[in-house]
Amino acid sequence: MTNKTYDRRSFLKKSALAGTAATGAMLAAPAVLAQSPLVVKMQTSWPASDIWDEFAKDYAMRVDEMSAGRLKVDVLPAGAVVGAFQVLDAVNDGVLDAAHSVPVYWYGKNKAASLFGTGPVFGGSATTMLSWFYEGGGQELYRELTQDIMGLDVVGYLGFPMFAQPFGWFKGEVNTVADLQGFKYRTVGLAADLMAKLGMSVAQLPGGEIVPAMERGVIDAFEFNNPTSDRRFGAQDVAKNYYLSSYHQASESFEFLFSRTFLEDLEPDLQAILKYSVEAASTANTAKAMKQYSTDLAELQAGGVNVRRTSKEILDAQLAAWDELITELEQDEFMKRTLDSQREWVERVAYYELMNAPDYALAFEHYFPGKLAL
């Protein structure tokens with residue numbers, strides 16, 4: 001990987017030198033010499049049919065335009081090079097230059113990964129926790145985990161604060177904790193530990209494997225992330241009860257992973273473009289998600305899916321289960337420091353957010369009476 005990136009950078013330098021020489025010899029030549037773009041091989045953890053593949057391509061488009069074509073991000077779907085859960089290893093090993101995924105997908109290597117998006121919900125949204133990553137010390141803790149503790153040759157940025165993930169898809173109604181007992185349920189990360197405490201057995205599967213597993217009886221209930229992804233992979237064909245609102249994964253963002261060797265060998269302006277395009281794509285992804293998730297939720301309802309809100313009993317039980325998990329997690333020194341940092345941030349920031357926010361549901365009910373079922 002080191003040789004590969006050195007060769008790429010050498011090519012750029014030689015092109016620049018050649019351009020300087022050509023300018024000296026031929027004043028009429030263009031000021032900028034055309035050169036081949038440097039290709040960034042990025043694999044996602046999503047099937048090509050998923051809306052998140054589009055989100056990754058939104059990022060690639062911004063990199064292309066900001067770099068005036070000097071960088072091209074080649075977006076590959078899950079499985080093109082490695083499996084959905086293997087992208088971290090591939091980036092670390094130099095098999096991939098970059099990946100578009102979520103930290104929870106490498107939870108099997110270190111449980112602390114789940115704290116960067118899918119950990120306990122102290123009262124802050126995904127936007128609150130993305131802000132913690134950039135302004136509350138989260139990014140340095142992430143760097144410590146990946147580089148110092150795990151010894152990985154990676155750099156990561158988070159982007160697109162996801163809407164809280166639905167509790168998921170069930171064949172029948174689930175209104176109480178007793179209704180959940182014995183379910184074989186798909187989720188990932190610490191949410192697996194959480195749901196186990198609620199009486200379910202859990203399988204951790206990539207999104208593309210969920211419906212086949214449901215059809216074979218490997219699982220009989222599941223969550224993935226959002227109405228659009230769920231509808232595209234056919235969730236509505238294997239279950240008809242869709243429960244929104246949950247504390248199992250309510251503060252997640254995408255992870256943009258880069259090989260540190262690859263990234264640091266780029267010119268500073270190209271490094272900056274790859275970094276700050278994450279912020280640009282985050283805004284674009286949010287707008288697209290708002291448009292498409294709401295559209296697909298309406299389509300699911302029109303197609304016969306019962307869209308429900310998770311009961312307060314189940315939500316209360318999730319918080320109680322998080323309390324138990326936190327006690328267990330804090331036996332690890334790094335996880336204790338990370339959770340302390342998150343609590344301090346949420347107590348201060350979410351207090352302002354919640355105290356300042358008007359009751360949007362009240363306004364919605366005023367203008368669209370009877371539509372909410374809270």
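At what angle do helix α2 (residues 51-66) and helix α10 (residues 268-302) pack, and how far apart are their axes? Before I answer, a note on the source: this is a predicted model, in which local features need pLDDT of at least 70, side-chain atom pairs count only at pLDDT 80 or more, and totals for chains, interfaces and linings use all residues. Residues are numbered from 1 along each chain as its sequence is written, and side-chain values use heavy atoms, with hydrogens and water left out.

The angle is about 140°, and the axes are 8 Å apart. Axes here are lines fitted to C-alpha atoms, for helices over the stretch in contact, and angles run from 0 to 180 degrees between N-to-C directions. On the α2 side, the residues in contact include W52, F55 and Y59, and on the α10 side they include L274, V278 and A281. Contact means heavy atoms within 4.5 Å. By class, 14 residues of this contact are nonpolar, three are polar and four are charged. Here Ala, Val, Leu, Ile, Met, Phe, Trp, Tyr, Cys and Pro count as nonpolar, Asp, Glu, Lys and Arg as charged, and the others, Gly among them, as polar.

I turn now to the aromatic residues. Rings of Phe, Tyr and Trp (its six-membered ring) pair if their centres lie within 6.5 Å; planes under 30 degrees apart count as stacked, over 60 as edge-to-face and the rest as tilted. The count by this rule is 27 aromatic pairs. In one of them, the ring centres of W169 and Y242 are 4.1 Å apart with planes at 20°, so this pair is stacked. W169 belongs to strand β5 (residues 168-170) and Y242 to strand β9 (residues 241-244), so the pair ties together parts that are 73 residues apart in sequence. Both W169 and Y242 are buried, a term that means under 20% relative accessible area, with exposed over 50% and partly exposed in between (1.4 Å probe, protein chains only).

A further pair joins F222 and F233, with centres 6.3 Å apart and planes at 50°, so it is tilted. F222 lies in strand β8 (residues 221-222), and F233 in the loop between α8 (227-232) and β9. F222 is buried at a relative accessible area of 0%.

F160 is found in strand β4. Its phi is near 65°, a positive value in a residue other than glycine, and F160 is buried at 0% relative accessible area. A68 also has a positive phi, near 55°. A68, in the loop between α2 and β2 (71-76), counts as exposed at 70% relative accessibility.

Finally, which residues does Q165 touch, not counting residues up to four places away in sequence? They are E223, F224, N225, S245, S246, H248, Q249 and E252. Q165 lies in the loop between β4 (154-161) and β5 and is buried, with a relative accessible area of 1%.

Note on methods:
Helices (H or I, at least four residues) and strands (E, at least two) are DSSP runs, numbered from the N terminus.
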